[in-house]
Amino acid sequence: MCGIFGVIGTNQAASEIFLALQNLQHRGEDGAGIVIADETGLHKHYGLGLLDIAFPEAQFLELTGNLGVGHTRYGTSGGQSLDHLQPFADEGLQMALAHNGNLVNYHSLARQVDEQVDEQANERTNEQTDEQGSNGVSSLETSCDSEFFRWYLARYFKQAGQVTVDGLQAALTELSQTVAGSYSVVGFIKGLGLFAFRDPWGLRPLKLGVRKDETTGEMATAFASESTALTYLNFDVCDSVAPGELVVVTNDGQQARRRFAEAHPQHCMFEWVYFARVESQLEDLSVYQARFNLGVALGKTVKAAMDEPPDVIVPIPETSRIAAIAMAESLGIPYREVLIKNRYVNRTFILENQAARLKAIGRKLYPVADAIKGKRVLLVDDSIVRGNTAHRIADMIRACGAKALYLASTCPPIRFPCYYGIDFPLKDELVAGHRDLAEITEALGVDQVIYQSMEGLREALGNKPLCTACLDGNYPTDISDGQLMSAYRSKQRNDDLSTHLTGVAT
Ligand code: SF4
């Protein structure tokens, strides 16, 4: 998962991007990048870790360019190094772009690129052509799927010979028939302006905002993964970039909206359930309202499933809080915040590997034992993915002397991998991947597990067209390369872990 932001029409592009990325930090904590264009060229800044660590000096704030893009990275493709940080830039085209999502068929695409490069090298040897060859195919420089967009557009425009809105639309139409997966992308080409596009399913969010400077009358336009990044900077949030749509804001301020692929909307339900900030609006439904609705819907299931109501409803902080309040209100059961979070420990879901996750869970939550002792406790979580958090918390609550312990999830059982940018690519690591309800209950160490129903989820999210592939296995795109992708991701995680351990040991 990642956060993306791009802006045109402000003389403070660098500082605005930095502030926007702070509002998208939850979408990626591995590292960040900012690329600004001004009359002297492209200015690129990258750093590993949280924004304040990645950019301790923030020298780029002195840049005066009015066009730029930024990215916060949570790597689900490629390694954890500076080379893999976005935005990816192309000096020849004077372009930079940032991607949120995952290309399921990236490894096939990368192989095809290699084959084209080899073919070109052979042609060059045979024909003694110039250095760049007849079709100007260059290699990919990283193992990150997002780089494919840079590679593709750079090659396309090199062959086209000029950059236009029509050309970009045509390039994306061709691209959409080549790639399988999720992509929300924001970027710029210095000679054209700012652009943003979204895959035909609208899997990852992408919002458009405009702002008029009351003094100068100048208009600025920005694109962001989530509306909070726009409203924080006083942009009026207009609407979402539609699935299969390209939006371009040219350097002279004209906005063009073009369709490059037929829309088949299937928005990721997990953005509302867990990932997005509660203050954000995704499509036309606020995350807050969605989580409230999820709590009310889950309350109905809880009431039907439990023989006797619990004494207290306890949220597992932070994302389940709104749903737990809604459920407690609707059932008339006391709501108690008795799991206290240490705000200085990073989110466990976003941590890179299992060992890091398990360690972090133990450090980040502390129970209020007196308020738990002798009680029948119903814990509420937004979802149960690997079960690490739920299991550790169950142990913690039992150690405080709870009389009984139940666990309710606002999301139905997650049984299948996600190939679209949420980091659970392996069925085997999901607690519900191969278990029935009784086995899940035992694995989590609670007395009863109650899941949201599919109907409850759909109703709570306004009956929108949703991707629910991780719940029911119905993937919106071709996933024939999915297993290959999972294998690479798994290997990458192990490599990152051994690098980390080696680093610690030395
Ligand atoms: S598989 Fe699940 S997590 Fe992945 S995009 Fe679809 S709904 Fe979201």
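## Strand 4 and its partners

In this predicted model, Cys2 finds its bridge partner in strand 4 at Arg73. The pairing between strand 1 (residues 2-8) and strand 4 is antiparallel and extends over seven bridges. Strand 2 (residues 31-38) also runs antiparallel to strand 4, to which it is joined by seven bridges, and within strand 4 it is Leu67 that stands opposite Ala37.

Strand 4 covers residues 67-73, and because seven of its seven residues are buried, the strand is largely enclosed by the rest of the structure. In a regular strand, side chains alternate between the two faces of the sheet. In strand 4, Leu67, Val69, His71 and Arg73 point one way, while Gly68, Gly70 and Thr72 point the other way, and the residues of both sets are buried.

The domain assignment divides the chain into domain 1, made of 2-100 + 163-265, and domain 2, which spans 286-475. The centres of domain 1 and domain 2, taken over C-alpha atoms, are separated by 33 Å.

Contact between the two involves 10 residues of domain 1 and eight residues of domain 2. On the side of domain 1 that touches domain 2, four residues are nonpolar, four are polar and two are charged.

## The loop around Pro243

Pro243 lies in the loop that connects strand 11 (236-240) with strand 12 (245-250).

When neighbours within four places in sequence are left aside, the contacts of Pro243 are Arg198, Asp199, Pro200, Trp201 and Gly202, together with Ala263, His264 and Pro265. Phe260, which is 17 residues from Pro243 in sequence, has its C-alpha 9.4 Å from that of Pro243.

## The parallel sheet and its helices

Four strands, in the order 17-20-21-22, form an open sheet with parallel pairing. Strand 17 and strand 22 (448-451) are the edge strands, each of which pairs on one side only. On average, and with direction ignored, neighbouring strands of this sheet are turned by 25° against each other. Strand 21 (residues 404-409) pairs with strand 22 in the parallel sense over four bridges, and in strand 22 the bridge partner of Tyr406 is Gln448.

Helix 9 lies across strand 17 and strand 20 and runs at about 165° to strand 17, whereas helix 11 (residues 388-399) lies across strand 20 and strand 21 and runs at about 155° to strand 21. In helix 9 (residues 321-331), the buried residues are Ile322, Ala323, Ala324, Ala326, Met327, Ala328 and Leu331. These buried residues of helix 9 pack against helix 8 (287-305), strand 17 (312-315) and strand 20 (376-381). Just after helix 9 comes Gly332, with a positive phi of about 70°.

## The shell around the ligand

Which residues surround the ligand? The shell consists of Leu203, Cys268, Met269, Phe270, Cys418, Tyr420, Ile422, Cys467, Thr468, Ala469 and Cys470. Helix 7 (269-275) and helix 14 (469-472) are the elements that give two or more residues to this shell. By class, the shell around the ligand has 10 nonpolar residues, one polar residue and no charged residues.

Notes: Residues are numbered from 1 along each chain as its sequence is written. This is a predicted model: local features need pLDDT of at least 70, side-chain atom pairs count only at pLDDT 80 or more; totals for chains, interfaces and linings use all residues. Domain bounds come from an automatic or database domain assignment. Two residues are in contact if their C-beta atoms, placed from the backbone, lie within 7 Å. Ala, Val, Leu, Ile, Met, Phe, Trp, Tyr, Cys and Pro count as nonpolar, Asp, Glu, Lys and Arg as charged, and the others, Gly among them, as polar. A residue is near a molecule or strand if its C-beta atom, placed from the backbone, lies within 6 Å of it. A residue is buried if 20 or more other C-beta atoms lie within 10 Å of its own, exposed if 12 or fewer, and partly exposed in between; C-beta atoms are placed from the backbone. Two strands pair if DSSP finds at least two bridges between them. Axes are lines fitted to C-alpha atoms, for helices over the stretch in contact, and angles run from 0 to 180 degrees between N-to-C directions.
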